[in-house]
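Here is a short briefing on one protein model. Keep the structure open while you read.

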Amino acid sequence: MSVRTRFAPSPTGYLHIGGVRTALFNWLFARHHGGQFLVRIDDTDQQRHVDEAVTKILDGFRWLGMDWDEGPEVGGPVGPYFQSQRHHLYRAAADQLVASGHVYRDYSTDQERAADKALADKEKRPYRFRRKEYTAAELAQFESEGRRYALRFQVPAGRVLVLNDLIKGPVEFSTEEIGDFVIVRPDGSPLYNFASVVDDLGMQITHVVRAEEHLSNTFPQLLVFEALGAPLPAFAHIPYVAEPGSRSKMSKRKLAEYEKQGILVYLHQYMERGYLPDAMLNYLSRLGWSFDASQEIFTRPELIEKFSLERVNSSPASHDQDKLFWIQSEWMKSLPLEEKVAGCLPFLEREGVVHTPVDAETCSRIEAVIQALGDRLKVFSDIVKLGRYFFSETMTYDPDAMKKRLKKDGVPQMLRELDQVLAEVEPYDLATLEKVVHDYSEQSSRKIGDVVNPLRVATTGQGVGPGLYDCLYILGREKCRARIAQTLETLAQLEQKG
RNA sequence: GGCCCCGUCGUCUAGCCAGGUCUAGGACACGUGCCUUUCACGCACGCAACACGGGUUCGAAUCCCGUCGGGGUCACCA
């Protein structure tokens with residue numbers, strides 16, 4: 001039988017790192033075995049359904065290149081793929097379980113249950129709902145008055161259930177720990193532990209790979225599979241993702257705090273910043289999984305080939321932005337120039353310094369800048385921070401660089417001389433530029449650094465950047481001279497102010 | 001609180017199932033140095049962990065028990 005996995009998000013908002021990783025493991029496992037990966041939207045609780053959220057999740061998958069064989073937008077033979085549209089299937093399964101006696105009508109009221117629970121708490125024993133025995137007369141009465149009831153699963157007493165989890169290993173759980181649980185509300189809507197089983201069964205899921213918060217939930221689900229007379233899928237429970245530098249789980253409540261610390265926990269935040277899908281995929285796969293003692297960089301095909309659930313860690317992993325950043329830089333290094341250009345373009349456009357469609361001249365300028373930037377460009381959005389001054393007419397000075405390189409005796413005079421050098425250099429190309437600046441340094445008996453660094457700040461405003469000659473060349477003679485003039489003026493003004 | 005899962009450098013991890021080859025390996029981050037016009041890259045070196053306590057054994061990171069810590073679950077949430 002072909003392997004079938006599924007990712008079943010509740011459409012409440014953006015996907016965070018942990019959720020994406022769970023989906024990825026499902027996808028990798030399915031692809032590794034040449035099986036199918038399905039997406040199902042778990043929206044049994046209507047309040048959880050946010051239309052936009054489904055699109056956001058799918059956009060994230062598309063961006064990562066995680067294709068789904070069945071699910072929203074693509075359909076499939078065992079749909080619908082929204083739980084909210086599968087009520088007839090839950091109804092049928094519930095009817096079957098009522099008929100087989102596994103499920104009964106529970107007429108209890110909120111007040112009764114609250115009282116039972118309070119009593120249990122008071123006696124310091126765990127509260128477990130158990131079937132209440134009613135007389136025939138009482139039942140008749142309930143029915144005649146149209147009293148509402150929930151459908152509950154009657155949990156067998158005194159059994160020990162065993163789950164052979166692919167990641168956690170064998171786990172035992174006594175049915176004494178499980179209260180009779182509701183599978184259908186009085187209004188007919190199904191609950192997760194029931195709907196999930198009906199769907200996994202109906203969709204012929206062979207491997208349920210999901211977050212470990214579901215580990216305890218698995219046992220009631222096991223009972224439902226059994227009652228339905230269905231074969232069990234295999235289960236693999238993946239540990240949670242902890243916040244950076246900690247073993248504590250990432251919490252939605254701490255979102256504001258993460259933001260303040262510059263910690264990004266949502267996939268879309270990385271998409272927006274210009275990370276590479278391949279890098280993200282690589283990072284996510286290594287978070288809680290390893291192939292051997294040394295390999296860090298994996299291509300997509302390698303991941304599919306080498307992934308296995310056996311090598312997923314059973315303990316939590318914490319999100320490590322530094323590692324992600326490093327993997328990203330590794331992938332960026334090997335990205336072809338034209339793809340870098342394509343990736344940077346949206347950021348330049350948003351910044352308003354180039355306009356699409358770009359003409360040939362602008363395009364080659366972008367190429368030149370990216371080439372000059374080299375490995376300094378780690379994520380696409382860096383093009384703005386690192387390369388803005390190549391495109392923009394105006395130049396702003398980095399205060400530290402200004403102080404360190406320009407506010408020194410003799411600098412204005414040197415800049416005037418260098419301006420003359422630039423005015424006369426012919427041809428205005430990389431090699432000649434380098435030669436004349438070196439010659440100038442020798443003739444004026446200045447250390448090369450004392451020439452290059454002020455000139456860099458005078459023409460780019462920044463203390464760091466690509467090699468100076470690259471900068472001078474890309475900027476062009478006129479712009480360089482104009483900026484030197486601007487710098488001299490700025491320095492003169494500062495001088496006056498004292 | 002009951003039950004369940006988890007615990008190797010700051011972080012990702014190898015080693016654990018089949019105890020000795022582990023004075024615990026790799027990577028990120030960090031520190032130092034080299035290269036160098038800055039930064040980045042690259043190279044070299046360094047810092048740094050078996051949560052704790054018992055037991056089993058000739059021998060334990062590896063097996064067992066306990067403690068502590070983290071997480072989950074006990075809903076007519078998913």
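This is a predicted model: local features need pLDDT of at least 70, side-chain atom pairs count only at pLDDT 80 or more; totals for chains, interfaces and linings use all residues.

- Leaving aside neighbours within four places in sequence, Leu-406 is in contact with Tyr-397, Ala-401, Val-411, Leu-415, Pro-454, Val-457, Ala-458, Thr-487 and Leu-491.
- In soluble globular proteins, nonpolar side chains tend to be buried together.

**Helix H3**

- H3 runs over residues 87-99, 13 residues in total. From first C-alpha to last, H3 reaches 18 Å, close to the 18 Å expected at 1.5 Å a residue.
- Tyr-90, Ala-93, Ala-94 and Leu-97 are the buried residues named in H3. They span an arc of only 100 degrees around the axis, so they sit on the same side of H3.
- That buried set packs against strands E3 (103-106), E4 (150-153) and E7 (182-184). Its packing partners also include helices H6 (192-202) and H7 (218-227).
- The face turned away from the buried side carries His-88 and Ala-99, both exposed.
- Just after H3, Gly-101 has a positive phi of about 85 degrees.

**Lys-306**

- Lys-306 belongs to helix H11 (residues 300-306).
- The side chains of Lys-306 and Gln-295 are joined by a polar contact of 3.0 Å.
- Beyond neighbours within four places in sequence, the contacts of Lys-306 are His-32, Trp-289, Phe-291, Gln-295 and Phe-298.

**Aromatic rings**

- Which way do the rings of Phe-153 and Phe-181 meet? Their centres are 5.2 Å apart and their planes lie at 10 degrees, so the pair is stacked.
- This pair links distant parts of the chain, 28 residues apart. Phe-153 is in strand E4, whereas Phe-181 is in the loop between strand E6 (169-174) and E7.
- Phe-153 is buried, at 2% relative accessible area. Phe-181 also counts as buried, at 12%.
- One aromatic cluster is formed by Phe-7, Phe-37, Phe-61 and Trp-68.

Methods
Residues are numbered from 1 along each chain as its sequence is written. Chains are lettered from A and ligands numbered from 1 in the order in which they are written. Side-chain values use heavy atoms; hydrogens and water are left out. Contact means heavy atoms within 4.5 Å. Helices (H or I, at least four residues) and strands (E, at least two) are DSSP runs, numbered from the N terminus. The expected span of a helix is 1.5 Å times one less than its number of residues. Buried means under 20% relative accessible area, exposed over 50%, partly exposed in between (1.4 Å probe, protein chains only). The arc is that of the directions from the helix axis to the C-beta atoms. A polar contact is a pair of N or O atoms within 3.5 Å; within protein, one must be able to donate a hydrogen and the other to accept it, and residues adjacent in sequence count only if both atoms are side-chain atoms. Rings of Phe, Tyr and Trp (its six-membered ring) pair if their centres lie within 6.5 Å; planes under 30 degrees apart count as stacked, over 60 as edge-to-face and the rest as tilted.
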